[in-house]
Amino acid sequence: MGMMNVLSNSNSMLRFFLLVLSVLSVRSNDDDEGAVTCGSVIKIQSIESGYYLNSEEKTLGGNGSGQQLVTFQKDRATQNTLWLVRPAHHGMEDKSEYPDVASCGLAEPIMCNTPIRLTHLDTKRNLHSHGVKSPMSRQQEVSAYGVGDGKGDGGDDWIIRCIAPNSKYWKRGESFHLFHRDTAKFLGTTKTVEFTRDNCGQNCPIMGHLEAFGRGTNDKYTTFKVEQGVHIAK
């Protein structure tokens with residue numbers, strides 16, 4: 001299945017995903033049946049805050065790079081927290097989403113230390129980071145990058161760092177870190193960097209959200225789990 005087909009059908013799939021998410025419960029298993037698979041749609045929850053990785057077609061004006069905002073928010077029911085798990089950037093997306101060089105194959109369980117991309121299902125932009133300071137904590141900005149066709153660059157690649165000892169697969173419900181390959185930072189957030197009227201203005205487009213940032217150390221602020229999802233398998 002090509003990337004263009006997946007993305008072009010994403011709007012019609014959203015209603016199905018949201019319906020399933022209301023009843024789907026995911027738990028870790030001892031084998032690869034509990035693993036996150038390539039091509040699945042997931043929600044990522046911060047362990048420290050309980051908030052969900054989120055993006056919307058908004059910016060913060062003159063702050064940062066001006067790319068699409070990525071934040072964390074507490075409402076798990078919104079479609080803005082749905083992310084498509086894809087192979088790392090390989091430059092062959094026009095021909096195939098899953099060429100032989102892809103870091104993961106369609107419906108294959110993803111092993112720990114595998115590089116992947118996370119594409120925002122609604123806006124079709126990729127979770128991204130680069131050497132721009134984040135607006136609140138002044139760490140590293142995390143954004144959603146691209147023009148809405150799922151394409152991007154190497155700045156969209158994140159490596160799955162499993163936390164459980166002797167882990168082989170990225171398991172649903174188990175803690176992990178997301179390590180940005182280009183800049184060697186970890187995705188992070190915390191309740192202490194909440195956007196409010198005082199720090200974001202009266203008409204803040206992300207009031208009550210938490211900042212997403214890249215962080216140099218892996219700690220409780222960079223620990224996540226796949227709390228829900230629509231998982232595909234062979």
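I looked up the side chain of His-128 and found that it reaches the backbone oxygen of Gly-155 at 3.3 Å. The model is predicted. I placed His-128 in strand β6, residues 126-133. I noted His-128 as buried, because its relative accessibility is 4%, under the 20% cut-off. Leaving out residues up to four places away in sequence, I listed what His-128 touches: among them Gln-67, Glu-141, Tyr-145, Asp-153 and Trp-158. I also checked His-128 against Gly-152, 24 residues along the chain; their C-alpha atoms are separated by 8.9 Å.

Next, Arg-215. I found Arg-215 in strand β12, residues 213-215. Its side chain makes a polar contact of 3.2 Å with the side chain of Gln-139. Arg-215 also touches Lys-185, Phe-186, Tyr-221 and Thr-222.

Then the disulfides. I counted three. Counting bonded cysteines along the chain, I wrote down the pattern 1-2, 3-4, 5-6.

Cys-38 is joined to Cys-104, S to S 2.0 Å. This pair links distant parts of the chain, 66 residues apart: Cys-38 sits in the loop between α2 and β1, Cys-104 in the loop between β4 and β5. I read 0% relative accessibility for Cys-38, so Cys-38 is buried. Cys-104 is buried too, at 5%.

Cys-112 is joined to Cys-162, also S to S 2.0 Å. I noted a torsion of about -100° about the S-S bond, so this disulfide is left-handed. Cys-112 lies in the loop between β4 and β5 and Cys-162 in strand β8, so the pair ties together parts 50 residues apart in sequence. Cys-112 is buried at 13%; Cys-162 is partly exposed at 25%.

Last, I checked Cys-200 and Cys-204, whose sulfur atoms are 2.0 Å apart. With 75° about the S-S bond, this link is right-handed. Both Cys-200 and Cys-204 are buried.

Notes
Residues numbered from 1 in each chain as written. Predicted model: local features only at pLDDT ≥ 70, side-chain atom pairs only at ≥ 80, totals over all residues. Heavy atoms only, no water. Helix = DSSP H or I, 4+ residues; strand = E, 2+ residues; numbered from the N terminus. Buried < 20%, exposed > 50% of the residue type's maximum accessible area, 1.4 Å probe, protein only. Contact = heavy atoms within 4.5 Å. Polar contact = N/O pair within 3.5 Å; in protein donor to acceptor, adjacent residues only side chain to side chain. Disulfide = S-S within 2.5 Å.
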